[in-house]
Amino acid sequence: MDVCKVGPRDRFHPEQEDAMRKDETTNDAAKRAHARSKAGGAAPDVRGDDRTRAEVKKEQKDAHLGHLVPHAGHAAYEAAHVAEVHVVHALEAKVGGMLGLGAAGTAAAFTGGVGAAGGMILGYFEIKEAHANGKAQREALAKEQVHVAVIAALDLPPGHKAQRLDAHGDTPRGHGSAAFKITEALVSDPRAIAVLQMHCDRGITAGLDYRASGQTKEAFLAAHPEVARRRAADVAFKEGFDAATACEGKELDTLKAGLAARTPKYACAEVRMRG
């Protein structure tokens, strides 16, 4: 039987097929949804290997502890982090102006008369560091909101999906949140959903190939550089690949069944799952 001679209900919509043939990236589909969602801010570029906000914060904390020295600027650094760096711009402007003060004024304001110049400069650069760290955290959070939306929109086993969403615990996803709005925009666009699921199913296919290979994940990715590249570059592909490698038992059966149900539709749309 020619699978492409089935009824319309057994095929993707023509607009979906057209979108998949164009092979739009997950990033482009997500950015379009972000713009429609009115979530606020510019739509970030996202990749499969983006770090979560929690990972960025830990990296910053580890880096700071590695060169921690006692000085007045440390208090400014900690205070800025507690406030989630919302006041850093004002502090930075204030500190910048105070750099023009004499040694006595600087000491009185920042070091209590001990090590005035050194304490002032160190404190200033600690605040600059806090500013940079806060910016990195905000950027990570903006990307993580898109990751959450993509995961929520994909057809993945419920238990695995819940675990993946929980891994993004720093990202609010309740009603009215940015992640919620972006998810709404994605699921209301059949073309975007088709594109995201296509990349996810390519990842699932590659993940199942890995399982069948008997290789370690590192060896498989080294032997298949295109798979490694896509996993790093594309959020939906990575989620599909990782689901295929993590799911077991009934969840793995559910994953395989979903892919099997869509495979004839991909054939009709002339969409390749490998290569």
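This is a predicted model: local features need pLDDT of at least 70, side-chain atom pairs count only at pLDDT 80 or more; totals for chains, interfaces and linings use all residues.
Let me start with the aromatic residues, where Tyr-210, Phe-220 and Phe-241 are linked into a cluster by ring pairs, a pair being two rings of Phe, Tyr or Trp (its six-membered ring) whose centres lie within 6.5 Å. Over the whole structure, the search finds four aromatic pairs.

Residues are numbered from 1 along each chain as its sequence is written, and side-chain values use heavy atoms, with hydrogens and water left out.

Phe-12 has Lys-265 over its face, at 5.6 Å from the ring centre; the criterion is NZ of Lys or CZ of Arg within 6 Å of that centre and within 35 degrees of the ring normal.

Phe-241 also belongs to a helix contact, since in H13 it is listed with Val-235, Phe-237, Lys-238 and Asp-242 as meeting Val-227, Arg-230, Arg-231 and Ala-233 of H12, contact meaning heavy atoms within 4.5 Å.The residues of this contact divide into five nonpolar, no polar and four charged, where Ala, Val, Leu, Ile, Met, Phe, Trp, Tyr, Cys and Pro count as nonpolar, Asp, Glu, Lys and Arg as charged, and the others, Gly among them, as polar.

As for geometry, H12 (residues 225-233) and H13 (residues 235-246) pack with their axes 6 Å apart and at an angle of about 115°, the axes being lines fitted to C-alpha atoms over the stretch in contact, with angles from 0 to 180 degrees between N-to-C directions. That makes H12 roughly perpendicular to H13, a term covering 65 to 115 degrees.

Finally, the protein has 14 helices and zero strands, helices being DSSP runs (H or I) of at least four residues and strands (E) of at least two, numbered from the N terminus.

How values were computed
Rings of Phe, Tyr and Trp (its six-membered ring) pair if their centres lie within 6.5 Å; planes under 30 degrees apart count as stacked, over 60 as edge-to-face and the rest as tilted. Angles under 35 degrees count as roughly parallel, over 145 as roughly antiparallel, 65 to 115 as roughly perpendicular and the rest as oblique.
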